[in-house]
Amino acid sequence: MATITHAISPEDCAAMAELRKAAANITVTFDPASRPMLDEMLSHTPPAPGVTSEAATVGGVPGYWVRPTDVLPNAAILYLHGGAYNVGSAGAFRNFVGQIATRAGVAAFAAEYRLAPEHPFPAAVNDVMAAYHGVINEGFTEIAIVGDSAGGGLTLVTLAQAIEMTRDAGEIQPRCAVVMSPWTDLSLSGASITERALADPFLKHDSIAAASARYLNGHDARDPLASPLFGGLTGLPPIRIHVGEDEILLDDSRRYAKRATAEGVEIELHIWEGMPHVFPSNVGTFAASEIALDDIGAFLRQHLSSL
């Protein structure tokens, strides 16, 4: 397993101190009532120049196509947003998706998968698999799956499902995946849940435990369709992970990367000192966000233009 640890810069250290002050006045509950507030927060990610977005339905799933000016032919990103399966929306994430799409030079479809508690497990899984097949049906042959937080976990679930379903069928398989601060273990068994509790400015055990319970609706948290950490990983394509060192889900990334490596997956784990949950979305705040996004873009372009 290739693990790369990035030291925090003095500039980012100062910016993080300011963010912590602001976060002290914000309680992130992931309750459905908080959806408008969290969508408004995410919409502050600055748009990338020249990127357009339009509402669309792919595979029966609503969402948005996000397109840079120049794109690789036949290539697409399926983007799965975060929000603990209870909050978040494709619309609110459009600017962030655009930052990734423009660096990769690839069109991206941000899927508006259904949320809990109105639509508990496995609604999100079913929607995203339908969207994946929809992207294929639209003629794309080079596909990457990308996601953050819960969407990162859902990315890894979808990746494994897509590979398993097409292993012997000769059908199109995902070329790679990128996940940022993925939630890979809904049973919350990672040591960092407690060890990083005081360091994490946003995520708290009780809030994500409640969100997990609403999503699972009594289902086993260790089901690989809910927690990809516990699934079979053999045969997966290359995966890139970016995670902050100061977040309670740190071990969700470290343990997944360790298991994937043991099963022969090409995976690279980037751990960023002092950074919070899904820090790449803080474009314009952290230099680390720009560096991480540039790495993600280069990784995606490499694997989507190699054939």
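Student: So, how many strands form the sheet, and in what order?
Tutor: Keep in mind that this is a predicted model. Nine strands make up an open sheet, ordered 1-9-8-7-6-4-5-3-2, and the pairing is mixed.

Student: Which ones are the edge strands?
Tutor: Strand 1 (2-6) and strand 2 (52-58), each of which pairs on one side only. On average, neighbouring strands of this sheet are turned by 20° against each other, ignoring direction.

Student: Take strand 4 and strand 6. In which sense do they pair, parallel or antiparallel?
Tutor: Parallel: strand 4 (residues 75-80) and strand 6 (residues 142-148) are joined over six bridges. As an example, Ile77 has Ala144 in strand 6 as its bridge partner.

Student: And what does helix 3 touch on the sheet?
Tutor: Helix 3 (residues 94-104) packs on the sheet and touches strands including strand 3 (61-67), strand 5 (107-111) and strand 7 (176-180). Its direction makes about 150° with that of strand 4.

Student: Which strands does helix 8 lie across?
Tutor: Helix 8 (residues 250-262) lies across strand 8 (239-244) and strand 9 (267-272), and runs at about 160° to strand 9.

Student: What lines the largest cavity?
Tutor: Phe30, Ala84, Ser149, Trp183, Leu203, Ile208, Leu249 and His277. By class, that lining has six nonpolar residues, two polar and no charged.

Student: What about pockets? What volume does the largest pocket have?
Tutor: About 710 Å³. There are 29 residues lining the largest pocket, and Met41, Leu42, Phe202, Ser281 and Asn282 are the closest to its centre.

Student: Which elements give two or more residues to that lining?
Tutor: Helix 1 (10-23) and helix 2 (35-42). Helix 2 has the largest share, with five residues.

Student: And how does the lining of the largest pocket split by class?
Tutor: It has 16 nonpolar, 10 polar and three charged residues.

Student: Last one: what's the volume of the second largest pocket, and which residues lie nearest its centre?
Tutor: The second largest pocket comes to about 160 Å³. Its lining has 16 residues, with Val157, Ala160, Gln161, Gly231 and Gly232 nearest the centre. Helix 5 (residues 150-166) gives the most to that lining, six residues. By class, the lining has 10 nonpolar, four polar and two charged residues.

Notes: Residues are numbered from 1 along each chain as its sequence is written. This is a predicted model: local features need pLDDT of at least 70, side-chain atom pairs count only at pLDDT 80 or more; totals for chains, interfaces and linings use all residues. Side-chain values use heavy atoms; hydrogens and water are left out. Two strands pair if DSSP finds at least two bridges between them. Helices (H or I, at least four residues) and strands (E, at least two) are DSSP runs, numbered from the N terminus. Axes are lines fitted to C-alpha atoms, for helices over the stretch in contact, and angles run from 0 to 180 degrees between N-to-C directions. Contact means heavy atoms within 4.5 Å. On a 1 Å grid over the protein atoms alone, a cavity is a set of points where a 1.4 Å probe fits but cannot get out, and a pocket is an open set with protein on both sides within 12 Å along at least five of seven lines; lining residues have an atom within 4 Å of a point. Ala, Val, Leu, Ile, Met, Phe, Trp, Tyr, Cys and Pro count as nonpolar, Asp, Glu, Lys and Arg as charged, and the others, Gly among them, as polar. Grid points are joined across faces, edges and corners, and a volume is the space filled by probe spheres set on the points.
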